[in-house]
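Hello,

Here is the structure we talked about. Please open it first, then read my notes below.

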Amino acid sequence: MGRAWVASRPRWLLWPSGSAPAPAPAPARRAWPAPEQPVLFRRAAVRAERAVRGSRMSSHCHASTVLVVFMALAVGAGAELLTEKSCDVVGDESTESQMEKALLKKLEPLSQMRFNTTVKIGTTENYAYHFRVCREVNSSLHDFAGLVQMDRLSGKTTVIGRINETQVFNGSDWIMLIYKGGDSYGRHCSGEKRRAVIMISCKQGITASSFSIISEEREKEQDCFYLFEMDSSVACPAEDSHLSTGSILLITFSSVIAVYIIGGFLYQRLIVGAKGMEQFPHFAFWQDLGNLVADGCDFVCRSKPRNVPAAYRGVGDDQLGDESEERDDHLLPM
């Protein structure tokens, strides 16, 4: 340590006082190249740089993944809000009636329409009814209400029937749609849940019209209901598109005649070289047939022949003039 300390001391301190030489001027500094780093240091630096880049990329990827997830959730929530609920027939999915499903499919053209009607009974009851076919009246409430009654005096809203408890059946020219699971009755019908019955009758050429309430049956102990009716072409039976025997024969006969005329015309014109009316196939035959038909019609349909011979009558004595006085007796032989 002493030597190191001595070596580190300035040179003028090693001389006696008063005899220390003047310090030599400091040599000019030279630009020495930086010492080469060991290989291990270089490898460690490269690995550290790669790790930093990877952490940056992973952070960017993580942020992108989180953003994509949030966007997917937002889109899914929006799609769920935009997708309206439809009718659900009574029963589990495995036990649902295929006939009811087919009828609900038939009612799909009415699902985008809204129907309203009002009824006023005296001065105490004034109601408005809002109805949709297999859709919620107010989809923002998510209450499955398919038919709603609104008291126009108090503003109270009552659900008459819900689309998640639907029954449907049909006849030859009508469809009966039933919404169950409405709000409970108060004093009527033993407090059971309300039920809406909508009779859809066939009317050709009209998508939907004439929605109205017929009656409300609430004087019974149970099975009370609201009865509505409307007209629509969806309740009409499918038209039979099969052709009758007469139609098939007529189409066949017309096709044969068309082929005969067109084919014969082309043959007469291109093969035979006929011109004018001679291009018509078998023109002479049809001409003779037309003459025979005309003669037969003239013979059968007319009451008398076409050329009637003139009638001649005898001349009476009163139409003769006076005889001449001259006689031709002198012409007789003597």
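Is Tyr-129 buried or exposed? Tyr-129 is buried, at a relative accessible area of 2%. Buried means under 20% relative accessible area, exposed means over 50%, and partly exposed lies in between, with a 1.4 Å probe and protein chains only.

Some ground rules. This is a predicted model, where local features need pLDDT of at least 70, side-chain atom pairs count only at pLDDT 80 or more, and totals for chains, interfaces and linings use all residues. Residues are numbered from 1 along each chain as its sequence is written, and side-chain values use heavy atoms, with hydrogens and water left out.

**Overall layout**

The protein chain has five helices and eight strands. These are DSSP runs numbered from the N terminus: helices are H or I with at least four residues, strands are E with at least two. Along the sequence the pattern reads α-α-α-β-β-β-β-β-β-β-β-α-α. The protein chain has 334 residues, and 21% of them are buried.

**Aromatic rings**

The structure holds 11 aromatic pairs. Rings of Phe, Tyr and Trp (its six-membered ring) pair if their centres lie within 6.5 Å; planes under 30 degrees apart are stacked, over 60 edge-to-face, and the rest tilted. Take Tyr-129 and Phe-228: they pair edge-to-face, with 5.4 Å centre to centre and 70 degrees between the planes. This pair links distant parts of the chain, since Tyr-129 is in strand E2 and Phe-228 in strand E8 (residues 225–232), 99 residues apart. Phe-228 is buried too, with a relative accessible area of 0%.

Phe-285 and Trp-286 are also edge-to-face, because their ring centres are 5.1 Å apart and their planes stand at 70 degrees. Trp-286 is partly exposed, at 39% relative accessibility.

One aromatic cluster includes Phe-115, Tyr-127, Tyr-129, Tyr-185 and Phe-228. Arg-194 lies over the face of Tyr-185, 4.5 Å from the ring centre. Elsewhere, the charged end of Lys-85 sits over the ring of Phe-144, 5.6 Å from its centre. A charge sits over a ring if NZ of Lys or CZ of Arg is within 6 Å of the ring centre and within 35 degrees of the ring normal.

**The largest pocket**

The largest pocket holds about 440 Å³ of space. Of its 21 lining residues, the closest to the centre are Tyr-127, Gln-149, Glu-216, Arg-218 and Tyr-226. A pocket is an open set of points on a 1 Å grid over the protein atoms alone, where a 1.4 Å probe fits, with protein on both sides within 12 Å along at least five of seven lines; lining residues have an atom within 4 Å of a point. The volume is the space filled by probe spheres set on the points, which are joined across faces, edges and corners.

Which strand gives the largest share of the lining? That is E7, with four residues.

**Helix H3**

In helix H3 (residues 98–106), Glu-100, Leu-103 and Leu-104 are buried. They lie on the same side of H3, because they cover an arc of only 100 degrees around the axis. The arc is that of the directions from the helix axis to the C-beta atoms. The face turned away from the buried side of H3 carries the exposed residues Gln-98 and Lys-105.

**A loop residue to check**

His-142 lies in the loop between E2 and E3. His-142 is not a glycine, yet its phi is positive, about 55 degrees.

Best wishes
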